[in-house]
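Thanks for coming, everyone. Let me put the structure up, and then we will walk through it.

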Amino acid sequence: MKFAGSGVYVSNGVHAMKHTDQMIDSRVSSLSNDVITQDIIDFDSGIPAIDLFPRGKWNRVVTQAFNEAPISALGYDYPEGRLELRNTLVDYLKKARGIQCKPEQIIVTTGAKQGISLLAKCLLDQNSTVWIEDPSNHNVEQIFSYHTKHITPIAVDEEGIQTDLFPVNSVPTVIFVTPSHQFPMGGILSIQRRLKLAEFARRTGCYIIEDDYDSEFRFNGPPINSLHELNSEQVIYVGTFSKILFPSLRLGYLVMPFSLVEQCKEWKRLADHHSNSINQLALTRFIENGDLERYIMKAKKLYIKRRNLLISLLNKHFPGKVKIHGAPVGMHIVAEFDSVLFSKELIHRMKEDGINVIPVEKHAIEKGKHTNQIILGYAHLSPSMLEQGIIKMKAIISDLS
């Protein structure tokens with residue numbers, strides 16, 4: 001064995017990375033396979049403050065879960081998830097989101113994206129029609145487009161999806177919404193539109209997929225109750241712990257109408273048989289002993305400080321030239337600039353200079369309406385990184401204007 005360079009060795013003719021603390025840390029983008037290295041100030045959304053997460057507490061509940069797990073948890077497990085976690089989720093959802101359901105309606109998934117993928121397999125074929133918020137999570141649009149080409153964008157405003165823009169004399173198979181915190185623009189669906197949406201589904205028989213990706217981090221009062229409580233027969237609730245705790249946990253869940261449960265369980269079994277059983281049991285303990293609630297409260301306090309700092313920095317460096325969207329909830333804002341076009345060239349220049357930002361246009365189906373808007377995630381960025389990032393952004397924009 002010989003070393004071929006810093007951190008790399010050659011063994012039996014094969015190059016391999018030497019595992020040292022000198023390895024460059026990096027992560028993969030939430031939208032693609034793009035690698036984001038540690039030296040880049042990454043404003044990507046949906047990334048929690050991973051360094052805040054209580055690893056010691058989690059290690060203890062994982063160790064306890066593994067040591068005390070029944071033999072069944074070490075073998076192939078139930079596709080719908082461990083009953084222990086599903087029972088706990090019933091109580092958690094009733095308290096936190098106003099959802100009344102039974103454990104038999106819950107399918108534990110490997111993250112929210114898998115949940116939406118399972119729903120697409122259950123509900124869609126090439127003749128199906130999907131109505132989706134515009135802009136909306138590009139990953140979700142991609143998932144639906146693998147099953148049908150009939151995707152109708154419905155524009156959003158500060159109150160979420162504009163139900164008055166629903167096509168006349170048309171009935172979709174599925175409507176996809178993020179009512180508690182519209183992604184990416186941040187609107188909260190008004191009660192009038194919630195009622196209209198629930199009644200529309202009831203009258204037409206279509207299904208509504210409610211993606212509730214980060215409503216736990218509502219900064220003024222408790223989270224708004226779920227759309228699911230207005231129509232539990234047609235609203236399918238999608239939840240995740242990846243954004244609350246840490247992304248690599250890969251645990252989410254669906255709350256389904258009874259009529260869809262068996263089919264979804266079968267698709268889950270064929271996809272990966274079941275999500276990690278030990279992590280499910282650990283999460284059960286984490287919720288039941290109050291650690292989850294305490295962590296959410298701690299994270300909210302930090303996120304409020306970081307959100308306020310980010311908005312302050314934007315107003316300081318772009319006085320009178322920036323409008324903020326979506327500040328009351330979540331882990332990101334949208335910044336709308338006067339007279340700035342966030343072209344591919346500008347985004348590329350920022351990345352070359354050490355800043356990663358996602359333009360809203362990346363998530364828009366109808367292009368050309370959001371060219372002056374960018375998504376700025378802040379939950380995972382320290383105060384110094386936020387300040388450096390905005391200063392760099394100002395310099396780049398000034399240089400190119």
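Where does Val-334 lie? Val-334 sits in strand β16, residues 332-337. Before I go on, some ground rules. This is a predicted model, where local features need pLDDT of at least 70 and side-chain atom pairs count only at pLDDT 80 or more, while totals for chains, interfaces and linings use all residues. Residues are numbered from 1 along each chain as its sequence is written, and side-chain values use heavy atoms, with hydrogens and water left out. Helices (H or I, at least four residues) and strands (E, at least two) are DSSP runs, numbered from the N terminus.

Back to Val-334. Buried or exposed? Val-334 counts as buried, at 0% relative accessibility. The terms work like this: buried is under 20% relative accessible area, exposed is over 50%, and partly exposed is in between, with a 1.4 Å probe and protein chains only. What does Val-334 touch? Leaving out residues up to four places away in sequence, the list is Pro-184, Met-185, Lys-323, Ile-324, His-325, Val-360, Gln-373, Ile-374 and Ile-375. Contact here means heavy atoms within 4.5 Å. As for Ile-365, 31 residues from Val-334 along the chain, the two C-alpha atoms are separated by 17 Å.

Pro-184 was on that list. Pro-184 is in the loop between β11 (174-177) and α5 (191-204). A cis peptide bond joins Phe-183 to Pro-184, with omega about 5°. There is also a cis bond between Asp-134 and Pro-135, omega about 0°. Pro-135 is in the loop between β8 (129-134) and α4. As background, most peptide bonds are trans, and most residues other than glycine have a negative phi.

Asn-169 is not a glycine, yet its phi is positive, about 55°. Asn-169 belongs to the loop between β10 (160-161) and β11. Asn-169 is exposed, at 81% relative accessible area. His-273 is not a glycine either, and its phi is about 70°, also positive. Look for His-273 in the loop between α6 and α7 (277-288). His-273 is partly exposed, at 25%.

Now the core. A nonpolar core is a set of buried Ala, Val, Leu, Ile, Met, Phe, Trp, Tyr and Cys residues joined through side-chain atoms within 4.5 Å. In general, nonpolar side chains tend to be buried together in soluble globular proteins. Which residues have the most contacts inside the largest core? They are Phe-241, Leu-245 and Met-393, in a core of 69 residues. Helix α8 (residues 291-317) gives the largest share of this core, nine residues. Another core, of 26 residues, lies apart from it, and includes Ile-209, Leu-254, Met-256 and Val-261.

Take Met-393. Beyond its neighbours within four places in sequence, Met-393 contacts Phe-318, Phe-337, Met-350, Ile-355, Val-357, Ile-374 and Leu-376.

Next, helix packing. Helix α9 (residues 344-352) packs with helix α10 (residues 383-400) at an angle of about 135°, and their axes are 10 Å apart. So α9 is oblique to α10. Axes are lines fitted to C-alpha atoms, for helices over the stretch in contact, and angles run from 0 to 180 degrees between N-to-C directions. Under 35 degrees is roughly parallel, over 145 roughly antiparallel, 65 to 115 roughly perpendicular, and the rest oblique.

Who makes the contact? From α9, Leu-346, Arg-349 and Met-350; from α10, Met-393, Ile-396, Ile-397, Asp-399 and Leu-400. By class, that contact has six nonpolar residues, no polar and two charged. Here Ala, Val, Leu, Ile, Met, Phe, Trp, Tyr, Cys and Pro count as nonpolar, Asp, Glu, Lys and Arg as charged, and the others, Gly among them, as polar.

A second pair: helix α3 (residues 112-123) and helix α6 (residues 258-272) pack at about 120°, axes 9 Å apart. So α3 is oblique to α6.

Two histidines to finish. His-317 lies in helix α8. His-317 is buried, at 14% relative accessible area. His-147 lies in the loop between α4 (138-145) and β9 (150-157). His-147 is partly exposed, at 25%.
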